[in-house]
Amino acid sequence: MPWVIDLSGGQAWAREAITELRTANLVTETVDAPVGGSAAGVILSAADSQNLKAALGAAEYNRCRVLVIGPPDGKLKPWPVLEEGAAECITWHSQVAAISAWMQRVEDVEAVLDSVEVREKLTGQSPVLRSALRDLVVAARFGQAPILIQGETGTGKELAARVAHAVSLQPGNLVTVDCTTIVPTLMGSELFGHERGAFTGAVSVRTGACSGADQGSLFLDEVGELPLDLQPELLRVVQEGTYKRVGGDRWLRSRFRLICATNRDLSKEVAAGSFRTDLYHRIAASVVTMPPLRERIEDILCLFARFCREASGARTDPEVDTTVQDVLLRRTYPGNLRDLRQLAFRIAARHVGPGAITPGDLPREDRPTSMEAFEALQQCQDANDGGPASAVDPLTRAVARAVDAGLGLREIKERAAEIAVNVALQQSGGNVHVAAAMLGLTDRAVQQRQARKTGHDEERQCSTDNSSATSRQ
């Protein structure tokens, strides 16, 4: 049952809202802070206060979707509140039925996210992945429009397409066409089929992907590779549900959900003239971006365990030595999930027996450099000896290098603070409130440091420009 927090100071409209929501059995008793175990919660607030930001941050940590309700005068503006992590922000006008529908939708979406259909295909519970999957589920389960899945190579776009089809309740099949593996001259036949004798080698009729996807889903992987001359035909079948086979003169019908994926920026392709504007806007009705692995570090170990089970056929997750865990978390993955999967397969092939995966199971080319190995060893020793935390030793070495470079204490402190803010903002996806919470600062302090950094960058640029001008003179 959703909880409710009153940050209005007990104003009359808030008391009225709590009474009506309880009468409709939509919320439980009033609480002081978000609690775990609930898919949704309600916060009543008269203003965008620090207390509201803190409550939204705590709700996000508990993976709870929050509906913020403001006073009837409309003074609580929705956009800043949504930016701070609220799922919805409305003014109170006794719209209990609408609130009930919103809460039911939240419960439905979260149930799908936790279902077997999703968990078996995409592993991970990181906030950034769950946010992307939430957008995917909403578009697939509750909408009918085409879905465009974008992201870097290896981020799981095809798996996301399979999730979209699985949760969409489409009665037909999922048909996949990889636009990178088909000869451009045969792409029309692959999509629409062909009549016998339509071209050399066409010895029989072929139905094509559009026919096979009828009442189901058609997934076009790397749709940016689709030849320009075929794009109008695809647009027609998406809009009107009609197409012709290659070499045919009869209009055929097919109704399907179109799901596309690309690692390109299709908006740039449109600007360059290599992708049709009308087709782009048609297929991008709902856009879902799959996050790269560097943004979901907390998922790496569970993904590694899953890939190891896949490689070995084991039913349980392997035990992994802490030193190996450290290497997995520090390593870069240019190929994202595909890169991690191949690493897991290499390690699983070398691992012998029921014991933990140990450093020797890592192939030589996957082992850290001497400096990285030394840092990992020192951190393990610190942990065993009850010494400093793992982050202390690398920090000490970084400061030592800064001193060797001639930096003074004041500059080291300033640069360290600047880097910490940048890292926190990057890890929080640019969310100032979350970054401030990570660093134990106020939102204002983070914003001031951002502004100060911008000023310093401009001063350095001006100084560089002046030096260049002087040298030219």
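**The paired strands**

The model is a predicted one, in which local features need pLDDT of at least 70 and side-chain atom pairs count only at pLDDT 80 or more, while totals for chains, interfaces and linings use all residues. Residues are numbered from 1 along each chain as its sequence is written, and side-chain values use heavy atoms, with hydrogens and water left out.

Strand β1 (residues 3–6) and β2 run parallel and are joined by four bridges; two strands are said to pair if DSSP finds at least two bridges between them. Helices (H or I, at least four residues) and strands (E, at least two) are DSSP runs, numbered from the N terminus. Together, β1, helix α1 (residues 12–23) and β2 make a left-handed β-α-β unit. A crossover is called right-handed if, with the strands pointing away from the viewer, the path from the first strand over the helix to the second runs clockwise.

Strand β2 also pairs with β3 in the parallel sense, over five bridges, and A40 stands opposite R65 in β3. Here the chain crosses from β2 through α2 to β3, and this β-α-β crossover is right-handed. Strand β2 (residues 40–44) is mostly covered, with five of its five residues buried; buried means under 20% relative accessible area, exposed over 50%, and partly exposed in between, with a 1.4 Å probe and protein chains only. In a regular strand the side chains alternate between the two faces of the sheet. From β2, A40, V42 and L44 point one way, G41 and I43 point the other way, and all are buried.

Strand β3 (residues 65–70) continues the arrangement: four bridges join it to strand β4 (residues 88–91), and the two run parallel. V68 stands opposite C89 in β4. The unit formed by β3, helix α3 (residues 78–83) and β4 is a right-handed β-α-β unit.

**Loops and backbone angles**

Most residues other than glycine have a negative phi, and most peptide bonds are trans. R63, although not a glycine, has a positive phi of about 55 degrees. R63 lies in the loop between α2 (50–61) and β3, and at 38% relative accessibility it counts as partly exposed. Phi of E222 is also positive, near 55 degrees, in a residue other than glycine. The place of E222 is in the loop between β7 (217–221) and α10 (231–240), and E222 is buried, with a relative accessible area of 15%.

Another loop, between α6 (127–142) and β5 (147–150), holds P146. P146 is buried, with a relative accessible area of 10%. Not counting residues up to four places away in sequence, P146 touches V238, R257, L258, R282, I283, A285 and S286; contact means heavy atoms within 4.5 Å. P146 and H281 are 135 residues apart in sequence and 9.9 Å apart in space, C-alpha to C-alpha.

In helix α7 (residues 157–167), the buried residues are K157, A160, A161, V163, A164, H165 and V167. The helix is followed by L169, whose phi is positive, near 65 degrees.

K157 is also among the residues touched by T262, whose contacts, not counting residues up to four places away in sequence, include L148, I149, E222 and V223. T262 is found in strand β10 (residues 257–262) and is buried, with a relative accessible area of 1%. A polar atom of the T262 side chain lies 2.9 Å from the backbone nitrogen of R264.

T242 has its place in strand β8 (residues 242–243) and, at 11% relative accessibility, counts as buried. Leaving aside its neighbours within four places in sequence, T242 is in contact with R236, V237, W251, L252 and R253.

**The protein as a whole**

The protein has 20 helices and eleven strands, and 40% of its 473 residues count as buried. Among contacts with a separation of 6 or more, residues 24 or more positions apart account for 68%.

Definitions and conventions
Polar contact = N/O pair within 3.5 Å; in protein donor to acceptor, adjacent residues only side chain to side chain.
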